[in-house]
Amino acid sequence: MAVETLRRPRPKGGGAVAIQSLLWRWPWLRPALLLTPPLAWFVLIYLTSLVLLLVTAFWTIDTFTTQIVQVWNLDNFRLILNDPAYRLIIGRTVGLAALVTVTDAVLAFPFAYFMARVASRRTQTILFAAVLLPLWASYLARVYAWILILNHSGLLNWSLQSIGLPAANIGYTISAMWIVFTYIWLPFMIIPTYAALERVPESLLEAAADLGAPRWRAVLDVVLPLAIPGVIAGSIFTFSLTLGDYITPILVGGAGSTFIGNVVYSSVGIANNVPFAAALATVPVAIMAVYLLIARRLGAFEAL
Amino acid sequence: MRSMASLAAWRRLGLFAAAALFVATACGSTTTTGGSTAQQPPTANTKPPTTVGPGEGQLNLIAWEGYTDKSWVDQFTATTGCKVNAKYAGSSDEMVSLMKGGGGGQWDMVSASGDADLRLIYGGDVKPMNTALISDFNNFQTFFKAPGYNTINGVHYGISLQWGPNTLLYSTKKFPNAPTSWSVIYDPANKGLVTVPDNPIQIADAALYLMKTQSSLGIKDPYELTQKQFDASVALLKQQRPLIKKYWGTAGDEITLFQNGDVVVGAAWPYQTIQLKAANAPVADTIPSEGATGWGDTWMLATNAPHPNCAYLWTAYVSTPKVQAEQALFFGETPVNTKACAEMETLQAGSCAQYHADAPGSYFNTIKFWKTPIATCPDGSNSCIPYAQWQTAWTSITA
Amino acid sequence: MEGIWTKLALRIWAGLILLFLFIPILLIFFYAFNTSNIESWPIPGLTLKWFTATWNDPEIRTALGLSLQAGLVATALSLALGSCAAFAIHRMTFFGKDAVSLLFVLPLALPGIITGIALNAFFSFGGVPLSFWTIVVGHTTFCIVVVYNNVLARLRRTQGSLVEAAMDLGANGFQTFRDVTLPLISTSVVAGAMLAFALSFDEVIVTTFTAGAQNTLPIWIFGAIRLGQRLPEVNVVVSFVILVTIVPVVIAARLTGGGGAARVPAAR
């Protein structure tokens, strides 16, 4: 009896406690165990596939059988740099991405301003939910909706004709793509802009007013600069999503709507030329890397 | 401190990426060279089966639109139990790519045209078929029993299916009289109202046009072009570019374009005309004086087909006179089975002659069937333009 | 304060933008009831016949089944993996944490087509035939990010002191996790799962490159739009997809107070 009471009291729990004391003794064990499965997934599958893609960009294919020839060369990159067709395609993609970004910024700013500074608390929540809803309503669905609107007997022409204007012939044009892209990415621009505008304290505007500035001047000189990071954060989405898209050009675009994404898609799915697709795919990645660096400088990352 | 830690982390990531690069290049698939037609096809020695077992319940096909219509597929499924799962491709390139994709074990058969056949055969993507298992094979027209594009050294890499022309489709409102020349699709008066297929083989159609209109170029075969002839064809297509509303990728694309009135003239298959007429669109088609390119289709069996029995059952089924006639009338093409002519007459009087189903063998020599352009010219020199350059040229035309 | 006219102008602008955002979506629902099979405006009449026709189409049912299965499996996998990752990143500091954080954002930061062709190249090099499982792998990869974001955001908002308090009161690690941490993050886990499912159900770009002879619903839709023959059925299917992707997101937003759903780009 005396012997037993002198023994150290055994904590209840048995095995669970043993594991826990192990984890306490070596604190790095817990993150290692937790992180291993997802990290393994990412590294073994995702990162490896990206690296493989990059490696493939330096190979070519046998032109007759379309099997990959593992001979290192820069042919694909040379073709992209020298052939004016690719310069045209890249220029067109970047140009439209920029145009869409600017359009979205212009459309979003007054809306976000209304949401942040004019609307009541309740209206704000309703509007926020309202802006979020289309974002999640299936990308294909929204492009398809515009096909229905823009076609010859669709809503647009019916509206124009019912007020006496001639029918617009914008199906299969760059204008159609511009409208569709602007529509689809608009919520991406509204949300960060709204977030940035919301953070501007009213006291700043009051101070400006105290110093004698009229309202519009205060907005221009005080609010706008503070909202710019939010706009830039939104522009990251609109720019990069347009840059990589190929579905909208196929469905809504006509001749002369080829995007970088279309060439990549048809290189893989039609020409079976994965090396060339990989080489071309480095272009939007490089462009976005530069864009992100600039955006970071301008403080967009804090506004995300 | 934190930035140093992340810098170290970046270095580690970079080291890992470099290691992965090294590993990826060390292992990997074997290199293949050439594709010259002098070598044996990789599957030449694969012995086809001598009997057909019971159906496996499913059949995965890569087909042209209109090749697997319910009107004859349902009967096939009811008889054999093979459910048909069809994927529609818009071009031969796409068919070749689909057959190779995913390791090649996805699809059972492909209705490849002449310009895809050799590439599939020499790429090892299709294997020899046993013609004895196709009961109607002996009724095929002689030319289509062993055409050069699907039979090599006496080994059949597929069973001929149907053939047809690439037609000029036009709106009867804009053109009350049928156009007599392909010049209408190159005419600046039709700016923004033209459509042609989004397919590099379209360069051959331009070459065909130049064969008659610029005979000084000396084009004999629109698929075997010297640099000068090729450049002239590409130049013509670049001139055509501002006239194009949209390059159609699927037959459905073109049907929508005509139905909406977005285009009034274009290059098409007879299938589009039949579908548009069924929807009461005011269109018609014709073959202009310069002639037309055409295609001969073959059902080819994939090397790693998951359902070979269903594949043979299907091939036998679509070779029967009745189905040949039904498909011919549905798509607007010509059957290879000589017995189909009578069936066509019962379904639609006059159709046998309309689609040249009873044409003599010499007729096929006048049609410029699709084939893969290779570097070897008819005179033996290696100065003709191979297909890879057709593809790059096409990208610069349509950009 | 802003002037009366400015406020009015802003209000009108907001109204117009809302109309711009919602009219196209509402239009599709209208077209689903269209009697004619020519998609023109105005609609001649309303009918329910396309709903039965769509339901009876075996191709659509197979595609729907595949989408649901892939969505459920991808969600389950990404829940497990994403939550583990969030826990690891949250409380523990270790070497390379920033790099790992960047890695987890990559699937959504890079254009979908690059992820798609990268996975396609990976599978063909590894000799892995494209199948249901390759679709799931593709979906899981970016669904992990969604779950990770949501759980991490919630973990950052929970007070560490609660966990410490529980331990002071004598609870061991598992008990603390079960009784304190889990209830705190449960809604964010559910929200992450809903968002992951919605993302997977709507995904078309990566799936095009990782699917073999199978069709998920979005792939079917894309093909059907291009073939142009069955637009009435497309209208019905698209309406259905809109509902299936919106409803989980609405639930997720309610569970997380709106923050989680806004942090993730949805265009896949």
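Q: Which residues does B:M95 touch, leaving out those up to four places away in sequence?
A: A contact is read from heavy atoms within 4.5 Å. In this predicted model, B:M95 touches B:I62, B:A63, B:W64, B:A89, B:V110, B:S111 and B:A112, with residues up to four places away in sequence not counted. B:M95 itself sits in helix α3 of chain B, which covers residues 92-100.

Q: Is B:M95 buried or exposed?
A: Buried means under 20% relative accessible area. B:M95 counts as buried because its relative accessibility is 0%. For the chain around it, 57% of the 399 residues of chain B count as buried.

Q: How far apart are B:M95 and B:A116 in sequence and in space?
A: Compare the two separations side by side. B:M95 and B:A116 lie 21 residues apart in sequence, while their C-alpha atoms are 7.6 Å apart. Across chain B, take the contacts with a separation of 6 or more: 74% of them join residues 24 or more positions apart.

Q: What is the secondary structure of chain B?
A: Chain B has 15 helices and 14 strands. As for its surface, chain B exposes about 15700 Å², and 56% of that comes from carbon and sulfur atoms.

Q: Where is C:I4, and is it buried or exposed?
A: Exposed means over 50% relative accessible area. C:I4 is in helix α1 of chain C, residues 4-31, and it counts as exposed because its relative accessibility is 70%.

Methods. Residues are numbered from 1 along each chain as its sequence is written. Chains are lettered from A and ligands numbered from 1 in the order in which they are written. This is a predicted model: local features need pLDDT of at least 70, side-chain atom pairs count only at pLDDT 80 or more; totals for chains, interfaces and linings use all residues. Side-chain values use heavy atoms; hydrogens and water are left out. Helices (H or I, at least four residues) and strands (E, at least two) are DSSP runs, numbered from the N terminus. Buried means under 20% relative accessible area, exposed over 50%, partly exposed in between (1.4 Å probe, protein chains only). Accessible areas come from the Shrake-Rupley method with a 1.4 Å probe; for residues, only the protein chains shown count as cover.
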